[in-house]
Amino acid sequence: VFITDNVNDVSEGDSASFPISLKDSNGNPVNAITDVVVDVTYSGVAANGVDFTGVTQVTIPANTSSVDLDITTIDDFIAEGSELLNIAISNPVGGGFEAIVVGQATADMVIIDNDTVPTISITSTTVSEEGLTGGVADNNALAGFADTTNLTTQTGTITVVDPDPMSASNFSVTLNGPTGN
């Protein structure tokens, strides 16, 4: 049993097919007499059910010599970079042969991320502190006590640009500053 490593890169949301085939010792196709069940496992950065959808077994039907292992990638709208997916086949059972072994056991592909990282920019910023020209007086001093506070304010514009329209409503901006007198 052989898996053909015929895929290099696949864009998120697209599919890829890897032929799994029965061949004799000379590399010629051989038809199975009965179904052949082959286990499939995955490793690498990409995770089954998160980055792609794959099966854990494939069946080469009787009277045929191959079947395609179809991998569907998931367009997740998360900017995460490219992810490697390793595929391995093992444990072929059936076929009606005296013996059945795995020849080429592995294949791989890279899932190319199609999402762009959002950008945040802060512009038109001004800072005002009590005691500076145009500063904001905090007037928190009690009668007879010196005003020891330094109230600081800042104004400006925060712009969030998310080029992916599916995730534009799924973000938050939190601004924190000093508290106290």
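**Figure 1. Strand 5 and strand 7 of the predicted model are joined by two bridges.** The two strands run antiparallel, and strand 7 covers residues 66-73. Within this pairing, Thr-53 stands opposite Thr-72, a residue of strand 7.

**Figure 2. An open sheet is built from four strands in the order 1-3-7-5.** The pairing in this sheet is antiparallel. Strand 1 (2-3) and strand 5 (52-53) each have a single partner strand, so these two stand at the edges, and one side of each is left without a neighbour in the sheet.

Figure 3. Ile-158 counts as partly exposed because its relative accessibility is 34%, a value between the limits of 20% for buried and 50% for exposed.

**Figure 4. The whole chain contains 11 strands and zero helices.** Followed along the sequence, the pattern is β-β-β-β-β-β-β-β-β-β-β. Of the 181 residues in the chain, 24% are buried. The chain exposes about 11,200 Å², and 52% of this area is supplied by carbon and sulfur atoms. Among contacts between residues at least 6 apart in sequence, 66% join residues that are at least 24 apart.

Terms used: Residues numbered from 1 in each chain as written. Predicted model: local features only at pLDDT ≥ 70, side-chain atom pairs only at ≥ 80, totals over all residues. Heavy atoms only, no water. Buried < 20%, exposed > 50% of the residue type's maximum accessible area, 1.4 Å probe, protein only. Pairing = 2+ DSSP bridges. Contact = heavy atoms within 4.5 Å. Areas by Shrake-Rupley, 256 points an atom, 1.4 Å probe, with all protein chains shown as cover.
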